[in-house]
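Dear colleague,

I am passing on the structure that we talked about, and below it you will find notes on what came out of the analysis. Please read them with the model open beside you.

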Amino acid sequence: MKKLSFKNRIRSGFILVIVILMGTIFYTIWQLLAISQKMELVYEHPYKVSIAIRDIQIDMYKILRLEGNIPLADTKNKLDSLIAKIHESERLYAQNLNAIKNQYLGNKSDVDSIFDALSEWKFTINDLYRLRRENKQDSLDFKIKYKNHNNVDHIIYHIKIISDYASKKAETAMRLALHKKDDTLNTLYVILIIATLLVLLLSYFISKSISQPIRKFVSQANAIFTTQNEKPDLKFNNEEDLFDYSIKELRLAYQNIEQQNEEIRSNNEQLDILNNSLKEKVIHTEQLFHKAIALAPYPLMIHSNGEVIQLSNVWTEITGYKIEDIPIIEMWAEKAYGKNDVPSKEFIYKLYELEGLQYDGEWEINLKNGETRIWDFSTSPLGLIANGEKAVISMAIDITERKQAEHRIKESEEKFHALFSEMAEGVYLHEIIYNQKGEALDYRILEANTAAEKLLNIKSEDSIGKLATELYGTKEAPFIDIYKKVAETGINIQFEEYFQPLKKHFHISVYSPQKGKFATIFSDITERKQAEQALKESEKKYRLLYESNLMPISIFDSETLNFLSVNNAFIDKYGYTREEFLNMTILEIRSDSEIGKLEESVKIADKGLVNAGVFFHKKKNGEIMQVEIISCDLVFDEKNAKLVFVNDVTDKMKAELIIQKQNEELLKLNSDKDRLLSIIGHDLKSPFVTIIGFTEMLIKNISIKDMSEIEEYAHYINQASTKAFKLLEDLLSWAKAQSGKVSFFPQKLDLNTICNDAMNAFMPGAIKKNININYLPNNDFTVIADSNMLKTVLRNLISNAIKFTNPGGTITIDAEQNISKVTISVTDNGVGMTPKEVSMLFDVAQTHSTPGTENEKGTGLGLLLCKEFVEKHGGKIWVESEVGNLPTDRHGKAGGSSFIFTLPQRE
């Protein structure tokens, strides 16, 4: 190196420093990437496999639960929906199996075995669907409870292998990754120390290379100034040149030193950046490790020296305990196992001395919410942590469902044996007997239950071990072809057959528990067959009665309301064809307003024939009819249905409505008649009492009375006779109006003339009471009305106004006309009426006569005649009144009562 020039030595030194630094950086990055890959393997493989396993277990138990609901599916739609859900779970099951096969690093044959078990399970599910469709409940229950055990055990066994392998793979990879991380970090520390020493050594040589020219300059300068006799190697003309050269050399040396110092500072900054990057990588690696623990699919706990350091999210989700709830192992043990089952401290602290994975056994743990779960624990060492203490990771697998499944399987086996012995159906287990050519010749009975003895009347000891031909005394084994097919293919078969040797009908279900063997589940259906034959004959008779019945009859589904059957009379009544009815619901012939009433009646269970009431039905042509419904519940084509008898009561209901209306009118007329007769009898009695009384007095005393007294008696008799005649005249007019015998000839009339005639008729009486009668309209009014009726109305209203107006009062007759009607009012400023009295004016049931201001008498029928005549014209009449005087009206007049009526104006 001494042979190199000063400049080249400096350059070489810095190149070496840069090479060392870059090599250190690249090696550090490479090692950190290797650590990251290892940690990803620890996280990714067990996580994905365990998630898929968990999903498979969920789908498996979901399928088992759905299978258990198959016997409860009482309709085809519910059964099809249930099977669709099972197939969807099977699809998810297969999808998760594929995910395991892609990720699984163990023996792939374990996954293939689960695929095979799934395929067998699919056949079983299809068979369950067929059994439910055929309503073979016993065979269905038997298959659900016992057929799937082998498949489920097989699947659980291989899932356990895969799960254990994934866990062990995760533990091994984790242990290797941690060792690799420690080794890599130690190596990086050594490399950093060596790199730092090399940089310092190179810095030393660089500084030495810089200082040599300075020392040489000092030596030469000293030689020049102290030993003047000696001649230096350099030749200078004078001391000034030597000084200038020395200054120049010093400046150059200073500049070189500054440059080297700057390079050293830059190198130190790069080293600091490298150190920080390495620290961040280490921190990132630790974060990845803790994240992998937190997101692990299993309950995981890292603890050291009895202190809990980290819990996985799954641990907290299942138990409900966070790390602050269980900061130390003893606290966790006390909460999870109870005070009496806490492991000893010696057991806990021995865990920190482990050199490999240790299986801790199965433990029952208590969750925070009080629930109990079963966990399978294992513990593995993690090595030293930052504080220098040993740490371990405790791993758990929740096996609660598996334990429950094992318990259920055990219970199922016990129930199976009890069911086998106690079930009502007979059960025989057989094996096929083959000849040397492999042809099925016979079959042997291997096992029989108690019901088989009773149904066949053959004891078990007499049947077990016997060949079928020997037992039944036949040349050929009964149904050998069917049983051979089931034993060889595993396809279940059901059939019903007459068994000649025993002279009975049997329903037989056949399935194969293993190849070459078959079981028969049979029941005696002889009585049922006889009943079916009788039922067919009965149905034939009832069908003839149903179709030929003259009353419309239909049957509809109680759930869907679809028509299931209609007879010929029903078709004729409504006008639809049979095909149209079978594609309709009962709602389509019902009135929309009665849909709710129909839904309520359908919900009610009919015990025998029930009269559901009267409804409105629609025919095809849109005609509405009223029908009386009589219904009862029945089962038709395996569906809950209602049998409906229809009785058309349209004409009957119309007649009843007419009769009801007429009855109401008659009741009202009778009431009005009775009331009126009572009033008339009372009003007629008074004048006739007067007439009879005074006539008797005249007869007895006429000879002794003078003419003035006789005139007085005659005056009283005349007044009473006039009153009685007026009452009879009003009664006759009202009776004619009620019976429609009053002539009605509307025509154009001059209102002014009609009103003036009415006013003139009562003018003497008005003058006598000093009452002023005013007629306001000045223009010509033409009205369309019956002359006699209009005059009668005006006379009665003016007479009433005079009667109830005090002397000196005023009566006003007014009229207004528009295009459609004329409004006429008679207003007085008399005594007025209370609202109660106003309400009684036009009611025939409450008619009465009120004395006038000078005790004038009336008949009480005048206003009733006014109402009848006004309404005869199509108008209406009403009263506006107050007790005492009313405020001044628009004409400047005041009145106690206003009687107002209208006359429609039509040609």
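A disulfide is taken here as a pair of cysteine sulfur atoms within 2.5 Å, and by this rule the count comes to zero disulfides. This is a predicted model, in which local features need pLDDT of at least 70 and side-chain atom pairs count only at pLDDT 80 or more, while totals for chains, interfaces and linings use all residues. Residues are numbered from 1 along each chain as its sequence is written, and side-chain values use heavy atoms, with hydrogens and water left out.

Of the 907 residues in the protein, 40% are buried (under 20% relative accessible area, with a 1.4 Å probe and protein chains only). Among the buried residues are C632, with a relative accessible area of 12%, and C755, at 1%.

A volume is the space filled by probe spheres set on the points, which are joined across faces, edges and corners. The largest cavity has a volume of about 210 Å³, and of the 16 residues that line it, W332, Y337, F347, L351 and S394 lie nearest its centre.

The second largest cavity holds about 180 Å³ of space; its lining has 13 residues, of which Y472, Y483, F499, I508 and F522 are the closest to its centre.

Best wishes

Definitions and conventions. Buried < 20%, exposed > 50% of the residue type's maximum accessible area, 1.4 Å probe, protein only. 1 Å grid on protein atoms, 1.4 Å probe; cavity = no way out; pocket = protein on both sides within 12 Å on 5 of 7 lines; lining within 4 Å.
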